[in-house]
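Please consult the sequence and structure below before reading on.

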Number of protein chains: 2
Amino acid sequence: MGFGETFKALSNPARREILTLLKGGKLSAGEIAARFPLTGATVSHHLGVLKQAGLVFETREKNYVYYQLNASVLEEVLLWVADLKGENPNEKL
Amino acid sequence: MGFGETFKALSNPARREILTLLKGGKLSAGEIAARFPLTGATVSHHLGVLKQAGLVFETREKNYVYYQLNASVLEEVLLWVADLKGENPNEKL
DNA sequence: AATCTATTTAGAAGTTTTTCTAAATAGATG
DNA sequence: CATCTATTTAGAAAAACTTCTAAATAGATT
């Protein structure tokens, strides 16, 4: 997926808030949209960007599309930043 | 400085490459610019964005402006991502 | 099958970003 | 002090982003 896409996804405040919401567990598109002063269409767009970046994945149930954090891509971001910082890989974990 | 500014700064590929270059130690604006197929003016703009975001700081010597990584802001980013990932703060370090 | 509900897609308007060229600044050197 | 060197600022053009409304899709319910 590439860090470009991932960091671009993280660069938007609404998208960062969506990710923070998802720390509490999976939520449907509608549940997420309800917490923002944005239209459902706009939130759907942001969810698409996050999904494309690999930061979230979706699962479908009934009429709903649930989103949740993708820990593995977050770990990649973590490692990229840690490496930039010049951290010994063993110092973390 | 806020994560908005920081992640926005990280969202550009040229800026991420600049940061990667700076892993090797401080470099002048001109030395950085020489490694990119961009004008000095454009690189100067990117350096300004990185500085504004707190990701680098500058020191002046002679005619030169040297840039280097700011580890403390990188650490903040690291913690933000780690927290999002739901990591125990003690698991790192 | 008709309709309701949840979500996405399309298209457009306004804003921000990226990059350039040209000009300005500011310190060093002859 | 005139000028050279390193870097930044100004202004403009093109591309990308954010958000909206309206319409489309797709699954569930009656």
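## Contacts with DNA strand C

Asn12(B) places a polar side-chain atom 3.1 Å from a phosphate oxygen of DNA strand C, a polar contact being a pair of N or O atoms within 3.5 Å. The model is predicted: local features need pLDDT of at least 70, and side-chain atom pairs count only at pLDDT 80 or more, whereas totals for chains, interfaces and linings use all residues. Residues are numbered from 1 along each chain as its sequence is written, chains are lettered from A and ligands numbered from 1 in the order in which they are written, and side-chain values use heavy atoms, with hydrogens and water left out.

| Residue | Protein atom | Distance |
|---|---|---|
| Val65(A) | backbone N or O | 3.5 Å |
| Thr39(B) | polar backbone atom | 3.0 Å |

Two or more residues each are given to the surface near DNA strand C by helix H3 (29-33), helix H4 (40-52) and strand S3 (64-69) of chain A, and by helix H4 (40-52) of chain B. Here helices (H or I, at least four residues) and strands (E, at least two) are DSSP runs, numbered from the N terminus. H4(B) contributes the largest share, 4 residues.

In total, 22 residues surround DNA strand C, the closest being Gly30(A), Ser44(A), Tyr67(A), Thr42(B) and His46(B); a residue is near if one of its heavy atoms lies within 4 Å. Of the atoms of DNA strand C that come within 4 Å of the protein, 75% belong to sugar and phosphate.

How values were computed. Polar contact = N/O pair within 3.5 Å; in protein donor to acceptor, adjacent residues only side chain to side chain.
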